[in-house]
Amino acid sequence: MYPLPFSIFLALSCLLNFKIQNWIDNRFSLKGSWWITAFLYGQTRVTYGNKINLPFSYLNLAAWKKHYEGKANISLTLNDIYYGSVIRSETRYGNIDYNTYSNYDSRNVKLNFTYNFDNSPVKIRRRTLGSMEEQGRSN
């Protein structure tokens, strides 16, 4: 299920019984105003009192391109590609064995189009209070 180096990393961290959270976020620019990004998150086995959360990880990929002299962007995002953000936990206490399996709709595809109609900055009106004007006149 996991790539071999990541599986060895998870196995070692489980033996040592400490929690490691790691994320990698990379953005690459390509020719022709194309960008791609990859986000990988992973968490090792962790113990919270009697409850043990088992390892999980997920991978998101995205690509986008600028159009119309930088005024428009179109992007495609793939979230949780291998459906790895399923959170599993177990509890063993005396004669109680309690296992949980939590998942949600984390696997999805998004297509987004953004267009900036105007690049000029918005003029902000400077507001003053009456008392500040009065103080300025008295000085």
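Visitor: What pattern does the protein chain follow, read along the sequence?
Guide: Read that way, the protein chain goes α-β-β-β-β-β-β-β-β-β-α. Keep in mind that this is a predicted model.

Visitor: And how many helices and strands is that?
Guide: The protein chain has 2 helices and 9 strands.

Visitor: OK, strands. Which ones form the open sheet, and in what order?
Guide: The order is S3-S4-S7-S8. The pairing in this sheet of 4 strands is antiparallel.

Visitor: Which strands stand at the edges?
Guide: Strand S3 (46–48) and strand S8 (96–102). Each has a single partner strand, so one side of each is left without a neighbour in the sheet.

Visitor: What does the twist average from one strand to the next?
Guide: The twist averages 20°.

Visitor: How many bridges pair S4 with S7?
Guide: Strand S4 (residues 51–53) and strand S7 (residues 87–93) pair over 3 bridges, in the antiparallel sense. As for residues, Ile52 stands opposite Glu90 in S7.

Visitor: Now S2. How many bridges join it to S5?
Guide: 10 bridges. Strand S2 covers residues 34–43, strand S5 covers residues 56–67, and the two run antiparallel.

Visitor: What is the bridge partner of Trp35 in S5?
Guide: Another tryptophan, Trp64. Trp35 also has a charge over its ring: Arg27 lies over the face, at 3.9 Å from the ring centre.

Visitor: Back to S5. How does it pair with S6?
Guide: Antiparallel again, over 7 bridges, with strand S6 at residues 72–79. His67 stands opposite Ala72 in S6.

Visitor: Which residue takes a positive phi in the hairpin of S5 and S6?
Guide: Tyr68, with a phi near 50°. That hairpin has 4 residues between the strands.

Visitor: New topic: aromatics. How many aromatic pairs does the count come to?
Guide: The count comes to 5 aromatic pairs. One of them is Tyr41 and Phe56: the ring centres are 6.0 Å apart and the planes are at 45°, so the pair is tilted.

Visitor: Is Tyr41 buried or exposed? And Phe56, buried or exposed?
Guide: Tyr41 is buried, because its relative accessibility is 12%. Phe56 is buried too, at 9%.

Visitor: Why is the pair of Tyr68 and Tyr115 edge-to-face?
Guide: The planes of the two rings stand at 70°, so Tyr68 and Tyr115 count as edge-to-face. The centres of these rings are 6.4 Å apart.

Visitor: What parts does that pair tie together?
Guide: Tyr68 lies in the loop between S5 and S6, and Tyr115 lies in strand S9 (residues 108–115). So the pair ties together parts that are 47 residues apart in sequence.

Visitor: Is Tyr68 buried or exposed?
Guide: Tyr68 is exposed, at 57% relative accessibility. Tyr115 is partly exposed, with a relative accessible area of 32%.

Visitor: Which residues form one aromatic cluster?
Guide: Phe39, Tyr41, Phe56 and Tyr58.

Visitor: Last one: what share of the protein chain do buried residues make up?
Guide: Buried residues make up 22% of the 139 residues. The protein chain exposes about 11000 Å², and carbon and sulfur atoms supply 57% of that area.

Key. Residues numbered from 1 in each chain as written. Predicted model: local features only at pLDDT ≥ 70, side-chain atom pairs only at ≥ 80, totals over all residues. Heavy atoms only, no water. Pairing = 2+ DSSP bridges. Axes fitted to C-alpha atoms, helices over the stretch in contact; angles between N-to-C directions. Phe/Tyr/Trp six-rings, centres within 6.5 Å; stacked < 30°, edge-to-face > 60°. Buried < 20%, exposed > 50% of the residue type's maximum accessible area, 1.4 Å probe, protein only. Lys NZ or Arg CZ within 6 Å of the ring centre and 35° of its normal. Areas by Shrake-Rupley, 256 points an atom, 1.4 Å probe, with all protein chains shown as cover.
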